[in-house]
Amino acid sequence: ALPPPTLLSLLTLLHDATMRALRASLAAAADDGEADEHNEAAEACALLMEAFVSLLSHTSAHGARRRPPEVEEAAWRCYAASVEARLAAARAAASAQEDAELGVHEGEAAEGEAERLTALAALGRARARDAIALVRSEIDGRTARLGGCLQAAAAGAPPPEDAEPLLEELELLVRCAGHLLADAADNSDAAEVPAEVAAAAGGDGDGGAAGAHPAVSLVESVVGGLLQQQLGAAMQSDDPRVGPLAPILSPLLAEALLWFLQRVAASYLMPDEASTSVLCPPLLAAWGRDTAGGAALLTACVEAAAVYLLRWRGEPALARAACSLLASLARLSAAAPLMPSLPATRRLVELPASTLPGRAQRLLYEALCRAALAAADDARAAAVGELCATLRARLVAATDGCAGANAQLVCQEPRVSEVLGICDCVRGAARAGTRRHAAAVYDAVAAPLLPAVASLLPVFAAGWDSAAAGVQPTAPTTP
């Protein structure tokens, strides 16, 4: 361990350098013509954040290696300044009408952004209660402002100029909240509550109810405030992409909200107390097994997924996020038995799955099949059988009129995509077949469908051979 004077000197240098980089980032964000300067400041911030996280990882909030209060104070100041800088950058990007689809939401850039937000959350957890209160306050204020925009748009007023920046800022804040409250579930659908968050004391000071844990207050702001506002607006039309509210609704914000629900549910929703190492009584009282709060959070998660799947069509990433949330919920042993009785689950069973991308169909049927298998013994067979009947009906419709000389019709769109989608659904159902229920899944879902699907293989093979024969090889040219 470093001697205290050396540690404090290093901390002072690191804090001052980080704050200067953040001030430069804020100044660059305010100046549309200084993109290079903004990128340089952002890179400097990322490097300094890594150094800060390394410093925090070698100390602890409790025990013999308890970090000095100066370290926590410096980390908290940098966290607050970083959130401010990021909000300013999001606001500037929205004002400049940059294409979000080419921003931090795709591919490697999205992974890099997640890593940066993870590092930022490590700073915030040094003073978790203050960080949670900050993010909650920022979300509450912007949720109220966005509510005013929605009301004005519903009354026929044009969307205000700050609507797009508000959506960008809220998307960022929702992701900041998710990273602050929970870690990613590595190779599992359940994750531990971060020790720093569990240890955060509740009370009147965080703006929530007296005695409420800060994490509970933040989740209530996101789920009970922002999410319910967005769902209510989305349900006012059959397609949220059209109509007076369209400019004030964002599929990216909806995707962030579904991601938040999945991340929080993995750590907080009805955990297995026998296998978890971080037990926090206030959090167990809020969302533990056999609690009203746990059932309410599960209902909110399934309802959100159902609304976005049923209302917001034509957004593949949003569909995948909704179905991923459902699959992760169905993998939680305490949550799965409650899902079949929810009204939203019934709407999902009746959802035309063919309207979803292939991976989304696979995740949806994994969720529905897991929930059906977790139902009571007297209802399990009927629930699984209903899913199979739906797939059989789809397969019959896709192959109708494709017998004999017309067999090649099944190789044409949209029939071939429908057959592939049915195969994805069967794959999803197979993933739900645990060792205990593998035979039941095979007998109820796979066995009735496999002969019909297998009979199509020669037709598809012949269609492929015909297409390949029609492609003439190109003779090489000599220079």
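1. The model is a predicted one, in which local features need pLDDT of at least 70 and side-chain atom pairs count only at pLDDT 80 or more, while totals for chains, interfaces and linings use all residues. Residues are numbered from 1 along each chain as its sequence is written, and side-chain values use heavy atoms, with hydrogens and water left out.

2. Rings of Phe, Tyr and Trp (its six-membered ring) pair if their centres lie within 6.5 Å, and planes under 30 degrees apart count as stacked, over 60 as edge-to-face and the rest as tilted. By this rule there are three aromatic pairs. In one of them, tryptophan 76 and tyrosine 79, the ring centres are 6.5 Å apart and the planes are at 25 degrees, so the pair is stacked.

3. Both tryptophan 76 and tyrosine 79 belong to helix α3 (residues 69–95), where they are three residues apart, about one turn of the helix; helices here are DSSP runs (H or I, at least four residues), numbered from the N terminus. Are these two side chains buried or exposed? Tryptophan 76 is buried, with a relative accessible area of 16%, and tyrosine 79 is buried too, at 1%, where buried means under 20% relative accessible area, exposed over 50% and partly exposed in between (1.4 Å probe, protein chains only).

4. Tyrosine 268 and tryptophan 287 form an edge-to-face pair, at 5.6 Å centre to centre and with 85 degrees between the planes. This pair links distant parts of the chain, since tyrosine 268 lies in helix α9 (residues 251–268) and tryptophan 287 in helix α10 (residues 281–287), 19 residues apart. Tyrosine 268 and tryptophan 287 are both buried.

5. Arginine 175 lies over the face of tryptophan 259, at 5.1 Å from the ring centre; a charge sits over a ring if NZ of Lys or CZ of Arg is within 6 Å of the ring centre and within 35 degrees of the ring normal.

6. The axes of helix α6 (residues 163–181) and α9 come within 9 Å and cross at roughly 10 degrees, axes being lines fitted to C-alpha atoms, for helices over the stretch in contact, with angles from 0 to 180 degrees between N-to-C directions. That makes α6 roughly parallel to α9, the word used for angles under 35 degrees, whereas over 145 is roughly antiparallel, 65 to 115 roughly perpendicular and the rest oblique.

Definitions and conventions: Helix = DSSP H or I, 4+ residues; strand = E, 2+ residues; numbered from the N terminus.
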